[in-house]
Amino acid sequence: MTTTPAPAPADTDVLLSATGITKSFGGVHALRGAHLTMRRGEVTALIGDNGAGKSTLVRCLSGIHQPDGGEILLDGKKVHFASPLKAREHGIETVQQNLALVEDLTVWQNFFIGRELTKGVGPFSMLDRKKMKAQSLDMLGDLAVNIPPVTSRVRRLSGGQRQAVSIARAAGWSTSIVIMDEPTAALGVQETARVENVIKTLRDKGVTLLLISHNFDQVLRLSDHVAVMRRGLTVAERRATDTSGDELVALITGAKES
Amino acid sequence: MNTPKENPVSTTAAAPSGAPSKKDAPSSGSRLTEHLGDFKRLSFWAENAAPIGLLLLVIVFSFLSPIFFTTGNISAILMASSILVVLAIGQSFVITTGGIDLSIAATMTLGAVVFGLSWDAGHNFWLAVLLGIGASTLMGAASGFLISKGKVTDFIATLGTMGVATGLALILSNGRPITIRSDELLSLTTGKVWIVGLPFVIAATVAVLAWFVMFRTPFGMHIQAVGGSEEAAVANGVKAGRIRLAVYVISGALAGLAAILLIARVGAAEPAVNQAYLLNSIAAVVLGGVALAGGRAKIAGPVLGAILLMALTNGLTLMGVSQFYQPLAVGLVVVLAALLTRFQSR
Ligand SMILES: Nc1ncnc2c1ncn2[C@@H]1O[C@H](COP(=O)(O)OP(=O)(O)O)[C@@H](O)[C@H]1O
Ligand SMILES: [Mg+2]
């Protein structure tokens with residue numbers, strides 16, 4: 001019905017495309033055949049009301065969920081992410097909406113969890129704490145307004161600092177795709193500006209981004225392409241230059257059909 | 001309302017007190033004052049309940065009994081605490097993931113019986129040790145599989161394996177103790193390094209290894225991560241199921257080692273129910289400042305907690321307090337420690 005994709009500009013080349021993605025949790029059909037196209041080097045925005053299924057789609061792309069149906073093509077090749085590690089191996093880094101930080105661990109431990117640096121061999125290989133701390137400090141850069149020491153536990157950080165840690169982690173490890181699920185949701189003006197700078201820097205480095213946001217100004221300012229989700233489906237796609245905040249609102253609410 | 005699974009960043013989280021504006025660690029001077037300030041905070045006492053409690057106990061009992069603070073008695077306390085130290089370390093690994101191993105003492109008993117039977121059957125001492133520890137490790141693996149693959153809660157799964165291990169020990173041994181006379185066991189009980197008996201040397205070695213594994217390896221970091229937030233750990237590529245399985249295997253193996261120390265101590269493999277060891281292993285971990293909710297690992301704390309419990313029992317015995325009062329004293333100390341943990345800074 002309303003699922004016909006908007007004609008994609010033929011001149012840009014597609015890095016990731018997901019089609020017909022379905023995912024249910026018990027009786028809840030979170031995704032009912034959603035699709036998404038991300039072009040190389042572009043910022044794609046994904047918008048939609050709460051509960052539309054944006055985060056579920058993100059979790060499918062980052063290997064946390066395995067879709068019930070549909071397929072994901074990366075660089076034209078079909079991929080299946082059995083675990084978050086697999087998605088990472090394909091160069092996909094994600095800032096989850098819940099940030100995916102372990103509060104009892106320190107900032108540097110959160111940067112490296114699941115991909116620790118070690119020294120020594122075999123059973124005597126141990127964490128290279130010094131190196132990981134130094135690299136975390138680098139990754140954190142000047143992202144946070146109040147840079148937390150990398151040795152402090154995440155539990156002690158403010159909301160903005162936590163968000164900065166999660167974003168810096170994804171940005172620092174990124175090679176090809178960075179997904180950010182509402183990265184500026186709880187941030188102040190100054191912090192939001194810094195995150196937007198990170199997004200621009202990543203884009204300038206050639207990283208392909210997926211940005212989920214409720215802030216239409218931000219979406220229109222930063223993105224090249226906008227996909228709109230409603231009740232588990234992708235209902236419209238627009239080039240950012242061809243749309244307006246009003247139109248996006250109409251598409252999200254369903255006042256306007258694709 | 002549509003996204004119950006996702007908790008947006010808490011906006012109420014306080015900024016870290018006195019967050020340094022400079023990038024790295026504060027200078028050593030400010031660090032010193034920071035530590036002096038620590039003493040004034042209740043959380044300092046809560047987090048260090050075991051060493052402080054132990055120190056207090058030693059001081060008090062030294063005044064009350066002239067024998068308490070003698071090399072002979074200290075050596076006896078350490079000797080007596082070695083079994084509990086090993087168990088408490090196993091329990092600490094499990095509790096760090098937010099689980100609990102109720103089968104730890106029963107698994108030790110099973111290990112002791114399997115060792116006894118193997119020895120009785122004429123096997124070489126070391127083979128018997130291997131079989132005993134192997135049986136306990138398998139028991140731990142059974143709990144681990146129930147929890148990681150079967151998705152049974154830790155409490156119920158280990159309640160089940162506790163029954164199975166106790167039953168197996170009784171069935172295999174026909175309910176009778178197996179007396180063990182072996183030169184190796186004799187040298188284990190009498191051997192000493194300076195004033196420290198071999199069993200405690202073994203326990204201390206286990207403690208050092210456990211500390212290394214927990215705090216210096218990726219595996220240890222993953223244990224803490226799974227206990228802290230399984231969801232976040234998994235999102236970062238940690239295989240939570242494997243970690244849960246592994247901590248129960250470790251707990252089982254250490255229960256097997258404790259079984260050998262137990263046999264060395266009593267001179268026999270008894271199918272008796274050793275429930276005091278279960279409660280004391282949990283008590284030692286709580287005294288050691290480990291939250292049962294998981295996520296925060298400690299090794300030195302539980303080790304000191306175990307020694308504290310043994311020093312308490314020892315001191316009370318020296319003062320001629322009836323054995324009947326000892327569980328009461330242990331219980332009160334644990335309740336006190338549990339109350340104190342409420343003041344731990346997280
Ligand atoms: N793990 C889960 N278990 C059950 N229901 C879920 C789960 N994750 C998401 N949902 C449901 O799926 C729907 C889509 O949620 P979500 O993807 O978080 O939406 P959005 O990010 O667009 O706000 C919601 O109805 C939500 O309640
Ligand atoms: Mg969401």
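This is a predicted model: local features need pLDDT of at least 70, side-chain atom pairs count only at pLDDT 80 or more; totals for chains, interfaces and linings use all residues.
**View 1. Overall fold of chain A.**
Chain A is built from eight helices and twelve strands. Its radius of gyration is 19 Å, close to the 18 Å given by the globule rule for 258 residues, so the chain is as compact as a globular protein of that length. Along the principal axes, the C-alpha trace spans about 60 × 40 × 40 Å. Of the 258 residues, 57% count as buried. Among contacts with a separation of 6 or more, 65% are between residues 24 or more positions apart. The accessible surface of chain A comes to about 10400 Å², and carbon and sulfur atoms account for 51% of that area.

**View 2. The six-stranded sheet of chain A.**
Six strands form an open sheet with mixed pairing, in the order β6-β9-β10-β3-β11-β12. Its edges are β6 (92–95) and β12 (233–239), each of which pairs on one side only. Neighbouring strands in this sheet are turned by 15° against each other on average, direction ignored. Within the sheet, β9 (residues 177–181) and β10 (residues 208–212) run parallel and share five bridges. One of the residues of this pair to look for is A:I179, whose bridge partner in β10(A) is A:L210. Helix α6 (residues 189–204) packs on the sheet and touches β3 (43–48), β9 and β10 of chain A. The direction of helix α6 makes about 155° with that of β10(A).

**View 3. The hairpin of β11 and β12 in chain A.**
Strand β11 (residues 225–230) is antiparallel to β12(A), and six bridges join the two. A:A227 has A:E237 as its bridge partner in β12(A). Two residues lie between the strands of this hairpin, where A:R231 takes a positive phi near 45°. Although β12 is an edge strand of its sheet, six of the seven residues of β12(A) are buried, so this strand is largely enclosed by the rest of the structure.

Strand β4 (residues 69–74) and β5(A) run antiparallel and are joined by three bridges. A:I72 has A:V79 as its bridge partner in β5(A).

A:T37 is placed in strand β2 (residues 28–39) of chain A. The relative accessible area of A:T37 is 17%, under the 20% cut-off, so this residue counts as buried. Leaving aside neighbours within four places in sequence, A:T37 is in contact with A:V14, A:L16, A:S17, A:T44, A:H225 and A:E237. Of these contacts, A:E237 is also the residue in β12(A) that is the bridge partner of A:A227.

**View 4. Surroundings of A:F111.**
Helix α3 (residues 107–112) of chain A holds A:F111. At 1% relative accessibility, A:F111 is buried. Apart from neighbours within four places in sequence, the contacts of A:F111 are A:S136, A:M139, A:L140, A:V165, A:A168, A:R169 and A:W173. From C-alpha to C-alpha, A:F111 and A:L137 are 9.7 Å apart in space, with 26 residues of sequence separation.

A:S55 has a relative accessible area of 10% and is buried. A:Q97, at 19% relative accessibility, also counts as buried, because the cut-off for that class is under 20%.

Definitions and conventions
Residues are numbered from 1 along each chain as its sequence is written. Chains are lettered from A and ligands numbered from 1 in the order in which they are written. Side-chain values use heavy atoms; hydrogens and water are left out. Two strands pair if DSSP finds at least two bridges between them. Helices (H or I, at least four residues) and strands (E, at least two) are DSSP runs, numbered from the N terminus. Axes are lines fitted to C-alpha atoms, for helices over the stretch in contact, and angles run from 0 to 180 degrees between N-to-C directions. Contact means heavy atoms within 4.5 Å. Buried means under 20% relative accessible area, exposed over 50%, partly exposed in between (1.4 Å probe, protein chains only). The radius of gyration is taken over C-alpha atoms; the globule rule is 2.2 Å times the number of residues to the power 0.38. Accessible areas come from the Shrake-Rupley method with a 1.4 Å probe; for residues, only the protein chains shown count as cover.
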